[in-house]
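These are my notes from going through one model by hand. I wrote down each thing as I looked it up.

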Amino acid sequence: MESSRPLGAGWLLNGLWNLLGIDTALASRIDGRRFRTDIERTIFALVANRAIAPSSKLAAAEWVTRDQVIPGLDALTEQHAYRAMDLLVEADTQGAVQEAVFFSAAHLLNLEVDLVFFDTTSTYFERDEADDPDGEGSSLRQYGHSKDHRKDLPQIVIALAVTREGIPVRCWTWPGGTNDQTVITEVKDGLRDWRLGRVVTVADSGFSSEANQTYLRRAGGHYITGVKMREGSKKADQALARQGRYQQVRDNLRVKEVRLDGDDGRRWIICHNPAEAERDHARREDQLTAIRDELARIKTARAADAKKAKTKAAKTGTRPAAPSDAPHRKAECALRDHPSLGRWLKQRPVTGRLSINTAKITAEARLDGKYLLATSDPDLSAEDVALGYKNLLEAERAFRTMKSTLDLRPVYHRLDERIRAHVLLCWLALLLIRVAERRTEQTWPKIAAELGRIHQVTLTGPAGSLQQTTRLTDTQTKLFKDCSVSLPPKMSALKTSE
């Protein structure tokens, strides 16, 4: 035996790649004078690497050459990988590659794009300094609000639109300091150019400004957005104050629709989850118990210090000195500044002492288990609006997959074009694994682990050499068939000695 390398997962991804017409879509967008078979194979190899064994481009080149069978590609160099990335991002001007790939996949999968779910995330770089926004070479890596809790590192902001089935539609990349409220116009314009038809954009409360909602309604579009309930929005307060009956739509979901005077064209849906309400109440009571215990401890400690000072003065026959209050004030400051407990406290203006804010507790109790939605769609039922918004979790799940399974972060690339290409490769890998998951009804890690046991073995002897695929189990065979991908050949590359 000369060598043995994994084949199965790469073979499945390659089958889906061709089945979805991604190879043809790339050929239609990349300049034919520069596009060759090896470029398409290289892009696929980099996508497969992200899905199977995410690594740097140098490590990916070695992985393709030595560790993994990539159909149609025997070897890869780092320089060749970077050239393919440059061609890919150059061709994706205004999302051209993503458009061609998505419509090819949508036609095959018969995807519904009446609801498009949109969200953003951030991912960081392993470096201390941000780029000069006006500098040459790179300007994407900037400091900003980090959703990875790495505010010490520069980052980029990534947006993703997905269908209700979790299939990625398109991705965007912006500088790390980009605010969520400022990107919705670019997203709306980009998808409008695709002529998807009647689309309802679903986004969370970070995109729910009046300006964004108005823009989403342009050209006949509609929106479903979450609405922040705790920031003093006058209309949100009015919607929550309206009386009415809830409609039971699921075991743990009730909805109530209200309309406000002078707010034509917008519907408000109040959603209530009884189980979540109980959790909110229990969580708050646990926090209040902790606060009461800590306030009682501080009061007891302060009284004990005063008693000690009085006892000491009685023994010495002197006037009792006031004990130091610094330790107790320090404890009160720590409690006031606590990230979860401090919200339930108020500080008295004269004494500076802390007490529980009962008005805050009463206001929060009204919101237990509730979330508020706004929609401009006149036809969707209140139930469909609520359930549609819950499917926004698909966008969040896509980000988790990109960050964990596909190792989107941390990013080591320096040039803006390479950074955008890296995100595009992750987007393509996400498309392939979501299709595989949808067709097999299994998670990608489980699929990859099972198919990773299929090897291509190269045998050599006096008569020549051949490549043989290890015997497939019934489980492995079913995975290929569920995805409509042909089985790997039992034997190939037969060469006889002359």
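Helices (H or I, at least four residues) and strands (E, at least two) are DSSP runs, numbered from the N terminus.

I also noted that the model is predicted, with local features needing pLDDT of at least 70, side-chain atom pairs counting only at pLDDT 80 or more, and totals for chains, interfaces and linings using all residues. Residues are numbered from 1 along each chain as its sequence is written, and side-chain values use heavy atoms, with hydrogens and water left out.

**Entry: the hairpin**

I looked up E3 and E4 and found a hairpin with 5 residues between the two strands. In the turn, Gly166 has a positive phi of about 90 degrees. Strand E3 covers residues 155-162, and its pairing with E4 is antiparallel over 7 bridges.

Is E4 mostly covered or mostly open? I used these cut-offs: buried means under 20% relative accessible area, exposed over 50%, and partly exposed in between (1.4 Å probe, protein chains only). E4 (residues 168-175) is mostly covered, with 7 of its 8 residues buried.

**Entry: the sheet**

I then followed the strands across. The sheet is open, has 9 strands with mixed pairing, and runs in the order E4-E3-E2-E5-E6-E12-E9-E8-E7. Which strands are at the edges? They are E4 and E7 (247-250), each of which pairs on one side only. From one strand to the next, the twist averages 25 degrees.

Gln248 has Arg254 of E8 as its bridge partner.

Next I checked E9 (residues 267-272), where 6 of its 6 residues are buried. Arg267, Ile269 and Cys271 point one way, while Trp268, Ile270 and His272 point the other way. E9 pairs in the antiparallel sense with E8 over 5 bridges, and with E12 (residues 370-375), also antiparallel, over 6 bridges. Ile270 of E9 stands opposite Lys256 and opposite Leu372 in E12.

**Entry: helices that cross**

For angles, I noted that axes are lines fitted to C-alpha atoms, for helices over the stretch in contact, and that angles run from 0 to 180 degrees between N-to-C directions. Under 35 degrees counts as roughly parallel, over 145 as roughly antiparallel, 65 to 115 as roughly perpendicular, and the rest as oblique.

I looked up H10 (residues 274-316) and H11 (residues 326-336): their axes come within 10 Å and cross at roughly 170 degrees. H10 is therefore roughly antiparallel to H11. Contact means heavy atoms within 4.5 Å. On H10, the residues making the contact include Leu295, Ile298 and Asp305, and on H11 they include His328 and Leu335. By class, this contact has 5 nonpolar, 1 polar and 6 charged residues. Here Ala, Val, Leu, Ile, Met, Phe, Trp, Tyr, Cys and Pro count as nonpolar, Asp, Glu, Lys and Arg as charged, and the others, Gly among them, as polar.

What is the angle between H5 and H15? The axes of H5 (residues 78-91) and H15 cross at roughly 85 degrees and come within 9 Å, so H5 is roughly perpendicular to H15. Among the residues that meet are Tyr82 and Met85 in H5, and Arg418 and Leu424 in H15. This contact divides into 7 nonpolar, 1 polar and 4 charged residues.

I checked the length of H15 (residues 416-440). The expected span of a helix is 1.5 Å times one less than its number of residues. The 25 residues of H15 should span 36 Å, and the end C-alpha atoms are 36 Å apart, which agrees. In H15, 21 of the 25 residues are buried. Just after the helix, Glu441 takes a positive phi of about 60 degrees.

In H14 (residues 393-403), I listed the buried residues, among them Ala395, Phe399 and Met402. The buried residues of H14 pack against E2, E3 and H15.

**Entry: Arg127**

Last, I looked for Arg127 and found it in the loop between E2 and E3. Its relative accessible area is 27%, so Arg127 is partly exposed. Leaving aside neighbours within four places in sequence, Arg127 is in contact with Arg141, Leu153 and Pro154.

Technical notes:
Two strands pair if DSSP finds at least two bridges between them.
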